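Dear colleague,

Please find below the structure that I am handing over to you, together with its sequence.

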Amino acid sequence: MEQIHTIQRRVTCTRDACGQQDVITIYPRLIIDEMPRLRPFVADGSLFTHTCSVCHTIYPTPYSMYYVDRRNRLMIIVAIDEKEYQEAVQLSFSQQIYAWMMKYINRKGMLRIVRTPLELSEKTAIAASHYDDRIMEILKYSLMKKLSKQTKDVNRLFYNAFNKKEEFAVLFNDGQIGHVDFEKRWYQETARVYAADLKTKESPAVIDMNWAKHYAEPVPIEETGEPVSVK
Ligand SMILES: [Zn+2]
């Protein structure tokens with residue numbers, strides 16, 4: 001990882017008939033502790049969107065990034081395209097990545113690889129709330145199964161935290177979005193079942209619902225039979 005720097009990039013408005021070209025600043029190597037003013041923009045995803053200077057259309061401007069959070073001992077590689085993703089996975093098995101962590105976090109930290117700015121935002125929210133993202137993914141997987149039985153098929157869940165309010169955003173297969181209030185006891189129950197085993201295991205860098213699916217079959221909340229309310 002070379003020195004931290006910013007890059008100016010030209011982007012083209014996505015709105016038909018506009019086509020305005022604006023220049024944006026991107027951060028391919030971001031040590032967030034050195035630019036704390038950017039934390040909220042990572043959290044709400046606006047670091048990866050741009051508002052057109054002419055027609056004010058807001059459009060996505062995703063890019064790959066090395067994200068370092070010293071405070072939460074976290075390094076996240078955002079790999080947007082498949083090639084970068086495969087390279088990041090290879091890198092996660094190398095000594096190089098741990099050398100970087102010692103350099104940038106000053107001790108061994110946690111490494112994660114994600115594919116989208118939304119996943120980056122979720123990982124940082126989970127870390128800031130001091131949860132274990134593996135427990136969280138198992139809980140999400142379990143909730144997804146429960147909701148799919150109860151209402152309609154769920155595509156994904158995302159953990160969110162703002163103004164001390166925690167929730168899951170629920171993306172259904174039909175494109176609709178719902179919200180489920182996060183209940184700490186769900187997390188605690190999941191942790192009770194899996195934390196001891198997870199402690200003994202070296203974690204891979206890719207921790208998502210697919211990982212959870214292969215790691216764990218339904219957790220206690222599945223068995224309580226209590227309906228989950230979606231808003
Ligand atoms: Zn425009």
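This is a predicted model: local features need pLDDT of at least 70, side-chain atom pairs count only at pLDDT 80 or more; totals for chains, interfaces and linings use all residues.

Domains and their contact

The chain is divided into two parts, with domain 1 covering residues 7-128 and domain 2 covering 133-224. Taken over C-alpha atoms, the centres of domain 1 and domain 2 are 23 Å apart. Domain 1 brings 11 residues to the contact, and domain 2 brings nine. On the side of domain 1 that touches domain 2, at least two residues come from each of α2 (82-92), β8 (110-114) and α4 (117-128). The element that gives the most to this side is α4, with six residues. By residue class, the side of domain 1 that touches domain 2 has seven nonpolar residues, one polar residue and three charged residues.

Strand β8 and its partner

Strand β8 deserves a separate word. Four of the five residues of β8 are buried, so this strand is mostly covered. Strand β7 (residues 74-78) pairs with β8 in the parallel sense, and the pairing runs over five bridges. Within this pairing, Ile76 has Arg112 of β8 as its bridge partner. As a general point, strands of a sheet pair through backbone hydrogen bonds, in either a parallel or an antiparallel manner.

The three-stranded sheet

An open sheet is formed by three strands in the order β9-β10-β11, and the pairing is antiparallel. Which strands stand at the edges of this sheet? They are β9 (154-162) and β11 (177-181); each has a single partner strand, and therefore one side of each is left without a neighbour in the sheet. On average, neighbouring strands of this sheet are turned by 25° against each other, direction ignored. Strand β10 (residues 165-172) and β11 are joined by five bridges in the antiparallel sense, and Glu167 stands opposite Asp181 in β11. Helix α5 (residues 133-150) lies across β9, β10 and β11, and runs at about 130° to β9.

A residue in helix α7

The last item concerns His214, which lies in helix α7 (residues 209-215). Is His214 buried or exposed? His214 counts as exposed, because it has 9 C-beta neighbours inside 10 Å, and the limit for an exposed residue is 12 or fewer. Between the C-alpha atoms of His214 and Ala161 the separation is 26 Å, and these two residues are 53 residues apart along the chain.

With kind regards

Technical notes
Residues are numbered from 1 along each chain as its sequence is written. A residue is buried if 20 or more other C-beta atoms lie within 10 Å of its own, exposed if 12 or fewer, and partly exposed in between; C-beta atoms are placed from the backbone. Domain bounds come from an automatic or database domain assignment. Two residues are in contact if their C-beta atoms, placed from the backbone, lie within 7 Å. Ala, Val, Leu, Ile, Met, Phe, Trp, Tyr, Cys and Pro count as nonpolar, Asp, Glu, Lys and Arg as charged, and the others, Gly among them, as polar. Two strands pair if DSSP finds at least two bridges between them. Axes are lines fitted to C-alpha atoms, for helices over the stretch in contact, and angles run from 0 to 180 degrees between N-to-C directions.
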